[in-house]
Amino acid sequence: MIRHDLHLHTTLSSCCRDPAATPANYLRSAEELGLAVIGFTDHLWDETRPGVSEWYRPQNLAHVMRIKKMLPSKGRVKVLFGCESEYCGNGKIGIGREAAAEFDFVLVPMSHLHMKEFVEPSWVRTPRDVAALMVTYFKELVEFDYITGIAHPFLPIGYENVNQILSYISKGEFEECFGKAAEQRISIEISTGHFPSINNGAETHEFNDETFLEMLSIAKKVDCRFHLATDAHELENLGRIVALEERAVAMGMGDAIHPLVEEAISG
Ligand SMILES: [Zn+2]
Ligand SMILES: [Zn+2]
């Protein structure tokens, strides 16, 4: 597998509190770790899209573009310039086609459920509601053909009862969701967030390293392509990519990496 990490936050992301999380430091660390490709994905709300939240407002296109001036000149590691935008349901997305064209790749999550009454509507009360919302958002999101990948799919951010929530999503529903993503060639992210032990969190009865294995194997079975992601918000978290890659290889994902990664090296 080509060692890569396509989901990194720098100091340009409001939630990044590590002053060492600069593009230059990530690149140095990536080289030490033997990564061939890294992708920067700071949070973005493209100001041409309506309904921005106060948190996203300063993180507009011009802001995220600043990274281009922060990148050191050529090194051994190939850099892809991306972003992580937002999906709020009913077609409300934080990036339009024109802004997307400014990037090498665009990640959009469908599960930033900690953003109450922005991503998660107030009618969501029960684990079953959370599950239904994520399925709906996923299906809506893969209709956007300018998206490259789904960030941390079905990881209900802000919830601890992950097994319970996922129990309300049937195998058939996962097949339908991922089948559509495969058809649209939208990459499925394998995130350290899917594996609490890699993420330095304790495994619990409600969320452990087994939790997402079946879901990811369904995605593989319906012929999805994948990318790996530490979703690092601190420089040192990039090192988690080694353990994540081991998991991905063990799951048989080594030959199902999204072509973007390979093209980055040959291009
Ligand atoms: Zn995210
Ligand atoms: Zn992220």
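Helices (H or I, at least four residues) and strands (E, at least two) are DSSP runs, numbered from the N terminus. This is a predicted model, in which local features need pLDDT of at least 70 and side-chain atom pairs count only at pLDDT 80 or more, while totals for chains, interfaces and linings use all residues. Residues are numbered from 1 along each chain as its sequence is written, and side-chain values use heavy atoms, with hydrogens and water left out.

Helix 7 (residues 171-183) holds Phe174 and Phe178, which are separated by about one helical turn because they are 4 residues apart. Their ring centres lie 6.0 Å apart with the planes at 20°, so the pair is stacked. Rings of Phe, Tyr and Trp (its six-membered ring) pair if their centres lie within 6.5 Å; planes under 30 degrees apart count as stacked, over 60 as edge-to-face and the rest as tilted. Phe174 is buried at 6% relative accessibility, and Phe178 is buried at 0%; buried means under 20% relative accessible area, exposed over 50% and partly exposed in between (1.4 Å probe, protein chains only).

The structure holds 15 aromatic pairs. One of them is formed by Phe138 and Phe154, whose centres are 5.1 Å apart and whose planes are at 20°, so this pair is stacked too. Phe138 belongs to helix 5 (residues 127-141) and Phe154 to the loop between strand 5 (149-151) and helix 6 (162-166), 16 residues apart. Ring pairs also link Trp45, Trp55, Tyr56 and Phe118 into a cluster.

The zinc ion (ligand 1) is coordinated by Glu84 (OE), His112 (NE2) and His152 (NE2), at 2.1 to 2.2 Å. Donors are N, O and S atoms within 2.8 Å of the metal (3.2 Å for Na, K and Ca); water is not among the atoms, so sites may look incomplete. Glu84 bridges this ion and the zinc ion (ligand 2), and the two ions lie 3.5 Å apart. Glu84 in strand 3 (residues 78-84) and His152 in the loop between strand 5 and helix 6 are 68 residues apart, and both are buried.

Methods
Chains lettered and ligands numbered in written order.
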